[in-house]
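I opened my notebook beside this structure and wrote down what I looked up, one entry at a time. Here are the pages, for anyone who wants to follow along.

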Amino acid sequence: MLLSKDENIKTSSVYVASIILKMFRKTRLKKLTIFEVAEELKKYDIVHYRQVIFGLSFLYSTGVVDFKEPYIYIIK
């Protein structure tokens, strides 16, 4: 289940993943550092590492991004 009715939508992995994808679209870059992503997520009041890890895990499991330290690459 991607979302639970009891879960705050702004802390869900799908929401965090959408913010990360918007960042890729806005910058028009194919790679970002984890530090750039963390700074952008702070603007949305997402500061806990767990939310970031779940958002990135969601994107990785769907085949949208790949990792090479310290970069996150968009595949599609």
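This is a predicted model: local features need pLDDT of at least 70, side-chain atom pairs count only at pLDDT 80 or more; totals for chains, interfaces and linings use all residues.

**Entry 1: the strands**

Next I asked myself which strands pair with S3, and in what sense. Strand S1, residues 31-33, pairs with S3 in the antiparallel sense, over three bridges. Strand S2, residues 65-68, is also antiparallel to S3, and that pairing has four bridges. I then looked up how S2 is connected to S3, and found a hairpin that joins them through two residues.

Leucine 32 stands opposite isoleucine 72, and phenylalanine 67 has isoleucine 72 as its bridge partner in S3.

**Entry 2: helix H1**

I moved on to helix H1, residues 13-27. H1 has 15 residues and reaches 21 Å from its first C-alpha to its last, close to the 21 Å expected at 1.5 Å a residue.

Which residues of H1 are buried? I listed Ser13, Val16, Ala17, Ile19, Ile20, Met23 and Phe24. Seen down the axis of H1, these buried residues fall within an arc of 155°, so they line one face of the helix. On the other side of H1, I found Lys22, Arg25 and Lys26 exposed.

**Entry 3: the salt bridges**

How many salt bridges are there? The count comes to three.

I started with the pair of glutamate 40 and lysine 26, whose side chains meet at 3.4 Å, N to O. Glutamate 40 lies in helix H2 (residues 34-43) and lysine 26 in H1, so this pair ties together parts that are 14 residues apart in sequence. I checked the accessibility of both partners. Glutamate 40 counts as buried, because its relative accessibility is 10% and buried means under 20%. Lysine 26 counts as exposed, with a relative accessibility of 57%.

Glutamate 40 came up again in a salt bridge with lysine 43, at 3.3 Å, N to O. Lysine 43 and glutamate 40 are three residues apart in H2, so about one helical turn separates them. Lysine 43 is exposed, at 64% relative accessibility.

The remaining entry on my list was lysine 42 with glutamate 39, a salt bridge of 3.3 Å, N to O. Both residues lie in H2, three residues apart, about one turn of the helix.

Helix H3 covers residues 49-61. Its 13 residues reach 18 Å from the first C-alpha to the last, close to the 18 Å expected at 1.5 Å a residue.

I looked up the buried residues of H3 and wrote down Gln51, Val52, Gly55, Leu56 and Leu59. They cover an arc of only 125° around the axis, which puts them on the same side of H3. Tyr49 and Ser61 are exposed on the other side.

What makes up the nonpolar surface patch of about 350 Å²? My answer was Tyr49, Ile53 and Phe54. Tyrosine 49 is exposed, at 62% relative accessibility. Phenylalanine 54, also found in H3, counts as partly exposed at 43%.

To end the page, I looked up how far phenylalanine 54 lies from proline 70. Their C-alpha atoms are separated by 17 Å, and the two residues are 16 residues apart along the chain.

Key. Residues are numbered from 1 along each chain as its sequence is written. Side-chain values use heavy atoms; hydrogens and water are left out. Two strands pair if DSSP finds at least two bridges between them. Patches are made of residues with over 30% relative accessible area and no salt bridge: like charges are joined within 9 Å, nonpolar side chains (Val, Leu, Ile, Met, Phe, Trp, Tyr) within 5 Å. Accessible areas come from the Shrake-Rupley method with a 1.4 Å probe; for residues, only the protein chains shown count as cover. A salt bridge is a side-chain nitrogen of Lys or Arg within 4 Å of a carboxyl oxygen of Asp or Glu. Buried means under 20% relative accessible area, exposed over 50%, partly exposed in between (1.4 Å probe, protein chains only). The expected span of a helix is 1.5 Å times one less than its number of residues. The arc is that of the directions from the helix axis to the C-beta atoms.
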